[in-house]
Amino acid sequence: MRLVVGYLATAGGADALALGVRLARTLGAALDLCMVLPPDRVAPSIKPVGNFEEHLTEQAREWLAEASTAVSDGIVVRTHVRFDEAADGLIQEAARVEADMIVVGGHGGGLAGSYSLGSVVNGLLHSSPVPVAVAPKGIRNSPVDRVAEVTCALGERAGADLLLDTAVRFSRAAGTPLRLVSLVALDPVFGALRGDAEAVRQRALDHARHVQESAKAELPPDFPVTSMIVDGETVEEAVGKLSWQDGDLIMVGSSRLSAPRRTFLGSTAAKMLRVLNVPMVVVPRDQLGRQDLP
């Protein structure tokens, strides 16, 4: 397994690296630290002194080498410098090394709270063909070195089966407990059930029971799997009722608006980001094969 970490020599880059190391240690994965430098940094009217791109590459390599020293022994680390548009560059790099996930820092401007998505991260969350893990602000200061529990937030829309399968495979590989959270009670698209709170709640309970049974069928006997429903006047209120500990991780699916085999951060996930302080993994709604990578 390989994880591409979108690195910058910033606080957000340090958060991405910390999450990448945590995931690598949990999954036994290798890390590919990638710094994507924007092309044409110098205006055409200005004659650069010396080879500007070469100097920029050298500086990036120094930053990556310094970041690599922060990675614990036992984790394979490779570094890459690429000139490209940032989001596209990370996607292309993930394709080149056949990575299983892209890891980025969420601190950069936009949403409030522990995540503030900049244009690069936002672009990835709307176009990546592989799962994207987003680190909350400050995770670099956490002493936790492994994922403690995986929470999977599930509805009934397209892609839910793949999301559940991804969460099950992650938990099995990591040996971490799996908590399944039914979001059916938050989904206002049940026709005759709309406005009937008890019917919606029963639908959510049935959904939670079904996904727990599905997960247990794919996991070893006695593997720790729990399920629950969350509801509230708002998504933020509902998610705020969940308990969290340092080391937890949440997985969500792409919006139904996403193109096939691409992520798209939906409104529910975006609202979750406003109140969460744990890493979030956004999973594309369709299965991606290596032949489908760009």
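The accessible surface of the protein comes to about 13,800 Å², with 49% of that area belonging to carbon and sulfur atoms; the areas come from the Shrake-Rupley method with a 1.4 Å probe, and for residues only the protein chains shown count as cover. The model is predicted, so that local features need pLDDT of at least 70 and side-chain atom pairs count only at pLDDT 80 or more, while totals for chains, interfaces and linings use all residues. Residues are numbered from 1 along each chain as its sequence is written, and side-chain values use heavy atoms, with hydrogens and water left out.

**Exercise 1.** State what share of the 294 residues counts as buried, and how many helices and strands the protein has.

*Solution.* Begin with the cut-offs: buried means under 20% relative accessible area, exposed over 50%, and partly exposed in between (1.4 Å probe, protein chains only). With these, 49% of the 294 residues count as buried. The secondary structure then comes to 8 helices and 10 strands, where helices (H or I, at least four residues) and strands (E, at least two) are DSSP runs numbered from the N terminus.

**Exercise 2.** Describe how strand β7 (residues 178–182) is covered, and find the strands with which β7 pairs.

*Solution.* First, 5 of the 5 residues in β7 are buried. In a regular strand the side chains alternate between the two faces of the sheet. Sorted by side, Leu 178, Leu 180 and Ser 182 lie on one face of β7 and Arg 179 and Val 181 on the other, and all of these are buried. Next come the neighbours, for which two strands pair if DSSP finds at least two bridges between them. Strand β6 (residues 149–154) pairs with β7 in the parallel sense over 5 bridges, and Val 150 has Leu 178 of β7 as its bridge partner. Strand β8 (residues 225–229) also pairs with β7 in the parallel sense over 5 bridges, with Ser 227 of β8 as the bridge partner of Leu 180.

**Exercise 3.** Locate Glu 98 and Asp 222, and decide whether each is buried, partly exposed or exposed.

*Solution.* Most residues other than glycine have a negative phi, and most peptide bonds are trans. Glu 98, although not a glycine, has a positive phi of about 55°; Glu 98 is found in the loop between α3 (86–97) and β4 (101–105), and its relative accessible area of 44% makes it partly exposed. Asp 222, likewise a residue other than glycine, has a positive phi near 70°; Asp 222 lies in the loop between α6 (197–218) and β8, and counts as exposed at 79% relative accessibility.
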